[in-house]
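Here is a short report for a first look at a protein with its ligand.

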Amino acid sequence: MKILLVAGARPNFVKVAPVYRAIIATGGIDCRLVHTGQHYDYDMSQAFFEDLVIPKPRHFLGAGSGSHAAQTAKIMKAFEKVCIKEKPGMVIVVGDVNSTLACSVTAKKLLINVAHVEAGLRSGDRTMPEEINRIVTDSISDLLFVTERAGIDNLRREGHGEEAIHFVGNVMIDTLFYQLDKLKTADVPLETGIRERMRGESYGVVTLHRPSNVDDRERLLEIMTALAEISGDMPLVFPVHPRTSRSIEEFGLTSLVRRSNLYLTASLSYMSFLAVWKDASLVLTDSGGLQEETTALGVPCFTIRENTERPVTIDEGTNTLVGTTGKGIKEAYRRFRDGDIKKGRIPEFWDGKAAERIAKVILNQKL
Ligand code: UD1
């Protein structure tokens, strides 16, 4: 059996690493990696391949940036050629980025089976590009690998048959536990500025990149002002996504940062970032994956969004939705300082074995 496993953007690399390992370990499958090139900077792509020891992709599509339509179209055209050449029995896509949608649709139109890892998540917010990517990808996938029970309910409601739905757990957490083990003996390089912040009694970590939070000046100013204020009480380390970095400069927010105790640094590699956030007292983020990772390690997390597609992190984990207003963020921080700190438990099947379950299901397919 031949499978093409697709990754395009930073969170995808984290998800394909254990899936690739587990599929290869079955011994009976020829699994070939495809990198769409949606993320291309060293620290957004190659650094992750190195940290997560993902082999060099068989195909690199060089998609790069662009509008949603332009980026998606470029990936589709290039991936169609790869599918025609490789004739795989199955294409596996992960997550909810533009590469996920582009490659699932392309494969399905060539009558190739599609498996979606991280299926069924819904924020209910169709202004998010990721929500559209999730809905479209799930609607045409033959195998739906689900991370949390809410995903099963969503897929059933959308009319998917039971035979397609497989509750396997979370491959992002597979990577987390695997890399955490390696971190015990690894020598991870960290800037002096970060180390200084980590030396104190407590520190927080920030990530921010959702277009709805960082593309609008007023919104970003409000969030950054709240973060600057919080940093006066607890130093904050903030690895900045390229999109956010551009906005901070363009909107003239660098002086606000300079006056604060926010420590901004370029995006970090997986291991460096893990070394920083795992011991943080608090993580403030608008990322999807980090909501789950913090829940898995029991680190309190404020999600700077109005909704989440990962409700188990709220119901069982350490995640709190704090909204996107300065007032909401600061009030949540005040409660946190007063000792209202969420203690969660690890959700079902977030045990480091999700990719093994996926490989077992795939091996049973008659392709
Ligand atoms: C994408 C995903 C998002 C995911 C995020 C993680 C979609 C719709 N969004 O958002 O779900 O959470 O990745 O990072 O697929 N850029 C660089 N260097 C890079 C990559 C991007 O400078 O290596 C710049 C691009 O020029 C672009 C901007 O960052 O203008 C955004 O990149 P893009 O891949 O379009 O979306 P993200 O915001 O990264």
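## The ligand shell

A residue is near a molecule if one of its heavy atoms lies within 4 Å of it. By that rule, 20 residues surround the ligand, and the closest are Gln38, His39, Asp41, Ser65 and Glu130. The model is predicted: local features need pLDDT of at least 70, side-chain atom pairs count only at pLDDT 80 or more, and totals for chains, interfaces and linings use all residues. Residues are numbered from 1 along each chain as its sequence is written, and side-chain values use heavy atoms, with hydrogens and water left out.

The shell has five nonpolar, eight polar and seven charged residues. Here Ala, Val, Leu, Ile, Met, Phe, Trp, Tyr, Cys and Pro count as nonpolar, Asp, Glu, Lys and Arg as charged, and the others, Gly among them, as polar.

## Polar contacts and cover

A polar contact is a pair of N or O atoms within 3.5 Å; within protein, one must be able to donate a hydrogen and the other to accept it, and residues adjacent in sequence count only if both atoms are side-chain atoms. Histidine 39 places a polar side-chain atom 2.8 Å from a ligand oxygen. Tyrosine 40 uses a polar backbone atom, 2.9 Å from an oxygen atom of the ligand. Aspartate 41 also has a polar backbone atom 2.8 Å from a ligand oxygen.

On its own, the ligand has 740 Å² of accessible area, and the protein covers 89% of it (Shrake-Rupley method, 1.4 Å probe). Helix 1 (10-25), helix 3 (68-86) and helix 11 (242-250) each give two or more residues to the shell. Helix 11 gives the largest share, three residues. Helices are DSSP runs (H or I, at least four residues), as are strands (E, at least two), numbered from the N terminus.

## Aromatic rings

The whole structure holds five aromatic pairs (ring centres of Phe, Tyr or Trp, its six-membered ring, within 6.5 Å; planes under 30 degrees apart are stacked, over 60 edge-to-face, the rest tilted). Phenylalanine 302 and phenylalanine 336 have ring centres 6.1 Å apart and planes at 80°, so this pair is edge-to-face. Phenylalanine 302 lies in strand 12 (residues 301-303) and phenylalanine 336 in helix 16 (residues 326-337), so the pair ties together parts 34 residues apart in sequence. Phe302, Tyr333 and Phe336 form one aromatic cluster.

## A charge over a ring

Arginine 21 lies over the face of tyrosine 178, 3.7 Å from the ring centre (NZ of Lys or CZ of Arg within 6 Å of the centre and within 35 degrees of the ring normal).
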